Amino acid sequence: RHHEAKETLKRSQQMLMLHMQQTSVGMIEWDKNFHVMEWNNAAEQIFGYTKEEALGRHACDLIVPESAKPHVNAIWQELLKDAGGVGSANENLTKHEDIITCDWYNTTLTDAHGVVIGVASLVQDITAKKEAEDKLSQLIEHNDLLLSSTADAIIGVDQELNCTFANDAASSMLGFDKERLLDKNILPFLRGDDESLDLASSVNEVVDAIARGNGYWSEDVIL
C-alpha cells in the first residue's frame, strides 16, 4: 500500500508539472526571499528568459522595472505577512528591456505548521488589452469634448428614447440641467411649444422607421 500511495503521488506530481508547463498562463514559484524556484514555458514567452536563465534570480533584478519596485515590494511584504492571495496589475520588464503590463495573482505557500515558505504566482501579459482600453478612453474623452464644445444642441438616446448624453447647448435649449435629462425619456422634454412638438414628432418618426426595418440602431442615436 505504501508503494501504491507513493506511485499515486508521483503520478499526481507529474500531471501537475505537465499542466504547469503546458498552460498558457505564466506560472512562477518564488522562495521566501523572492528568488525564482519554478518558471514555466508561458513565463518564458512573456518575459523572454528561459527557465535556466530565471532560476535563482531575484524578481527585482529580473522582471521589475525601477518604477514598479516600490509597488511590487509592498505587495511582497503583504504576502509574507498575511499568508493569503493578492492580485496586482503592474509594469514589468522583459529580457529585451521592453516595458509590458502584467496581471498577477499571487498565493502564499506555507508548510504544515503555517510557516511561509514561498509564493506561487499566475501572470498574464495584458499590454495589448491595456493599450486598447487607453486608446478607447482617449477617444471617448475626445468625442465628449467635441460634443460638449459645439454650439449645436446634441442629445443621445437609446432605443427606449432615454437620454444617454446631452451637451451644454442642448441643456440650454431645453431649459433643464443635464443631470435631470440623463436616463429620462427625452420626449416629455421636447414637448412645449409648436417647434418642440415638431421635434418630438420627428424623433418618433425616426424610431418608427427603425422599428420597421428602414435603418438600424448603432448603440445610441444622436439628435
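Reader: Where should I start with the packing? Which residues of the largest nonpolar core touch the most other members?

Author: Start with the contacts inside the core. In this predicted model, the largest nonpolar core has 26 residues. Ile-28, Trp-30, Trp-39, Phe-47, Ile-63 and Trp-104 touch the most other members.

Reader: Which elements give two or more residues to this core?

Author: The strands are β1 (26-31), β2 (36-39), β4 (99-110) and β5 (116-125). The helices are α2 (41-47), α4 (59-62) and α5 (69-82). The largest share, 4 residues, comes from α5.

Reader: What lies apart from this core?

Author: Another core, of 11 residues. Val-157, Leu-161, Ile-186 and Phe-189 are among them.

Reader: Now the rings. How many aromatic pairs does a search of the whole structure find?

Author: It finds 4. For each pair, read two values: the distance between ring centres and the angle between planes. Take Trp-30 and Phe-34. Their ring centres are 5.0 Å apart and their planes stand at 70°, so this pair is edge-to-face. The cut-off for that class is over 60 degrees.

Reader: Are Trp-30 and Phe-34 buried or exposed?

Author: Read the relative accessibility against the cut-off: buried means under 20%. Trp-30 has 3%, so Trp-30 counts as buried. Phe-34 has 7%, so Phe-34 is buried too.

Reader: What kind of aromatic pair do Trp-39 and Phe-47 form?

Author: A tilted one. The centres are 5.7 Å apart, with 45° between the planes. Both residues are buried. Trp-39 and Phe-47 also stand in the list of core residues with the most contacts to other members.

Reader: Which residues do ring pairs link into a cluster?

Author: Trp-30, Phe-34 and Trp-76. Trp-76 takes us to α5, as one of its buried residues.

Reader: How do I read the length of α5?

Author: Compare its span with the expected one. α5 has 14 residues and reaches 20 Å from its first C-alpha to its last. That is close to the 20 Å expected at 1.5 Å a residue.

Reader: Which residues of α5 are buried, and where do they fall around the axis?

Author: The buried ones are Lys-69, Val-72, Ile-75, Trp-76 and Leu-79.

Reader: Next, the backbone. What should I expect of phi?

Author: Most residues other than glycine have a negative phi. Leu-161 has one, near 65°. Leu-161 lies in the loop between β6 (155-157) and β7 (163-166). Its relative accessibility is 6%, so Leu-161 counts as buried. Leu-161 is also among the residues of the 11-residue core.

Reader: Where does Asp-183 lie, and is it buried or exposed?

Author: Asp-183 lies in the loop between α8 (178-181) and α9 (187-190). With 66% relative accessibility, Asp-183 counts as exposed. Its phi is positive, about 70°, although Asp-183 is not a glycine.

Reader: Which elements give two or more residues to the lining of the largest cavity?

Author: α5, β3 (85-93), β4 and β5. α5 gives the most, with 4 residues.

Reader: In which strand is Asn-106 placed?

Author: Strand β4. At 7% relative accessibility, Asn-106 counts as buried. Asn-106 and Ser-88 are 18 residues apart in sequence and 8.2 Å apart in space, C-alpha to C-alpha.

Reader: One last site. Which helix holds Met-173?

Author: Helix α7 (residues 168-174). Met-173 is partly exposed, with a relative accessible area of 48%. Ala-153 is 20 residues away along the chain, and the two C-alpha atoms are separated by 7.1 Å.

Technical notes: Residues are numbered from 1 along each chain as its sequence is written. This is a predicted model: local features need pLDDT of at least 70, side-chain atom pairs count only at pLDDT 80 or more; totals for chains, interfaces and linings use all residues. Side-chain values use heavy atoms; hydrogens and water are left out. A nonpolar core is a set of buried Ala, Val, Leu, Ile, Met, Phe, Trp, Tyr and Cys residues joined through side-chain atoms within 4.5 Å. Buried means under 20% relative accessible area, exposed over 50%, partly exposed in between (1.4 Å probe, protein chains only). Rings of Phe, Tyr and Trp (its six-membered ring) pair if their centres lie within 6.5 Å; planes under 30 degrees apart count as stacked, over 60 as edge-to-face and the rest as tilted. The expected span of a helix is 1.5 Å times one less than its number of residues.
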